[in-house]
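Work through the exercises below with the sequence and the 3D structure at hand. Try each task before reading its solution.

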Amino acid sequence: MLVVKGLSIAYKKTKVVQDVSFRIERGEVVSIIGSNGAGKSTTMRCLAGLLQPCTGEVLFERMRIDGMLPFRIAQQGLSLIPEGARVFTKLSVEDNLLLGTFAQKPGKDFAELCEGVYEIFPILRERRKLKAETLSGGQRQMLAIGRALMARPKLLLLDEPTQGLAPNLAEELFVFIKRIISLRITLLLVEQMIENALKISDRAYILENGQIVMEGPATEALNSDRVRKAYLGL
């Protein structure tokens, strides 16, 4: 579904991602793990068209999308949920969800799509008429994910979904992420709760200093001495 070839990304002439290549097959859950500053979120933003690469190619369903405008990429079926639970706080929960349908036709199948989101996140049904500013941090993250699901994405990019959440809320959010995976949506995940991420992933890539240094089945990464020492504190 997604093929990334020789991707390099720079900020102010300093390369933060260097010659990165990876792939995602349809129906897979793939994690990119690494320490802060490794280039994980930068890579995600580039895939969504928010940053332009210096070199390399990004192919989505065999179509080259690097250089394409972000909303065009979204219309192709690739949705990014950025870190920080970014929602429109002055709009209601339901209006936030409505904005997620822009990649299709405004309002198309809105009730049906909302019902699908509410089945995953029942609390959003209860709060649907309230402004998003009244939601807790965890509920805002649920809303951000729900808004992306309204676009019926083929590939979901989930960047640091538990950032800033208390441990119990982060664990709860992973329960909901498992529900999304059960829908067979292809998922690329960047997450600091590395053990949780690897347990729900099929494969993993390890990014260090902007370069992929290890790749393979997630179970192998979880049992790797290198990963356990560097990222799990074991």
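**Exercise 1.** Give the order of the strands in the four-stranded open sheet, and state how they pair.

Solution. The order is S2-S1-S4-S5, and the pairing is antiparallel. Strands here are DSSP runs of E with at least two residues, helices are runs of H or I with at least four, and both are numbered from the N terminus. Two strands count as paired if DSSP finds at least two bridges between them. Next, look at the edges: S2 and S5 each pair on one side only. H1 packs on this sheet and touches S1, S2 and S4, where contact means heavy atoms within 4.5 Å. The direction of H1 makes about 115° with that of S1; axes are lines fitted to C-alpha atoms, for helices over the stretch in contact, and angles run from 0 to 180 degrees between N-to-C directions.

The model is predicted: local features need pLDDT of at least 70, side-chain atom pairs count only at pLDDT 80 or more, and totals for chains, interfaces and linings use all residues. Residues are numbered from 1 along each chain as its sequence is written, and side-chain values use heavy atoms, with hydrogens and water left out.

**Exercise 2.** Describe how S1 and S2 are connected and paired.

Solution. Strand S1 covers residues 2-11 and strand S2 residues 14-24; they pair in the antiparallel sense over seven bridges.

**Exercise 3.** Which strands stand at the edges of the six-stranded sheet, and why is one side of each left without a neighbour?

Solution. Start with the order, S6-S7-S8-S3-S9-S10, in an open sheet with mixed pairing. Strand S6 (78-81) and strand S10 (211-217) are at the edges; each has a single partner strand, so one side of each lacks a neighbour in the sheet. Neighbouring strands are turned by 15° against each other on average, direction ignored.

**Exercise 4.** State the sense in which S7 and S8 pair, and name the residue opposite Asp159.

Solution. Strand S7 (residues 155-159) and strand S8 (residues 186-190) pair in the parallel sense over five bridges. Asp159 stands opposite Val190 in S8.
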